[in-house]
Amino acid sequence: VKHTKTGNPLVDSVAEHQPASSGIYMNYLNLPLDYGFHGAAVCLYQRTSGCYFAAIYAAVAIHFSGKMSRLVLICAPICSI
């Protein structure tokens, strides 16, 4: 059996190591994800160091959660802010 992603059968068999789909964000972060867009708009008008931190945290969380579905959990704190 040829392994499609990495060539390692152990890594390919673990579901958390697969890239996250767009539906998983709506499933896990349902309502807070909707408010996250409003929070980003507020940060565009009130540019403080806290808003810059939130923007950098959001960018890093989105980037790494797209690589592995288990890392979608790191998007939860930024959605709650």
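I take buried as under 20% relative accessible area, exposed as over 50% and partly exposed as in between, with a 1.4 Å probe and protein chains only. The model is predicted: I use local features at pLDDT of at least 70 and side-chain atom pairs at pLDDT 80 or more, while totals for chains, interfaces and linings use all residues. Residues are numbered from 1 along each chain as its sequence is written, and side-chain values use heavy atoms, without hydrogens and water.

**Entry: helix α4**

I then listed the buried residues of α4, which are Cys-51, Ala-54, Ala-61 and Ser-65. Seen down the helix axis, they fall within an arc of 90°, so they line one face of α4. The arc is taken over the directions from the helix axis to the C-beta atoms. These buried residues pack against α2 (22-28), α3 (30-45) and α5 (76-80), where contact means heavy atoms within 4.5 Å. On the face turned away from the buried side I find the exposed residues Ser-49, Phe-53, Ile-56 and Lys-67.

**Entry: aromatic rings**

I searched the whole structure and found one aromatic pair. The ring centres of Phe-53 and Tyr-57 are 6.2 Å apart and the planes stand at 45°, so I log the pair as tilted. Rings of Phe, Tyr and Trp (its six-membered ring) pair if their centres lie within 6.5 Å; planes under 30 degrees apart are stacked, over 60 edge-to-face, and the rest tilted. Phe-53 and Tyr-57 are four residues apart in α4, which means about one helical turn between them. Phe-53 is exposed at 56% relative accessibility, and Tyr-57 is partly exposed at 29%.

**Entry: cysteines**

I searched the whole structure for disulfides, pairs of cysteine sulfur atoms within 2.5 Å, and found zero. For Cys-43, the nearest cysteine sulfur is that of Cys-51, 3.1 Å away. Cys-43 is partly exposed at 25% relative accessibility, whereas Cys-75 is buried at 4%.

**Entry: nonpolar core**

I define a nonpolar core as buried Ala, Val, Leu, Ile, Met, Phe, Trp, Tyr and Cys residues joined through side-chain atoms within 4.5 Å. The largest one has nine residues, including Ala-20, Tyr-25, Ala-61, Val-72 and Cys-75. Not counting residues up to four places away in sequence, Ala-20 touches Tyr-25, Ser-65, Gly-66, Met-68, Ser-69 and Val-72.

Key: Helices (H or I, at least four residues) and strands (E, at least two) are DSSP runs, numbered from the N terminus.
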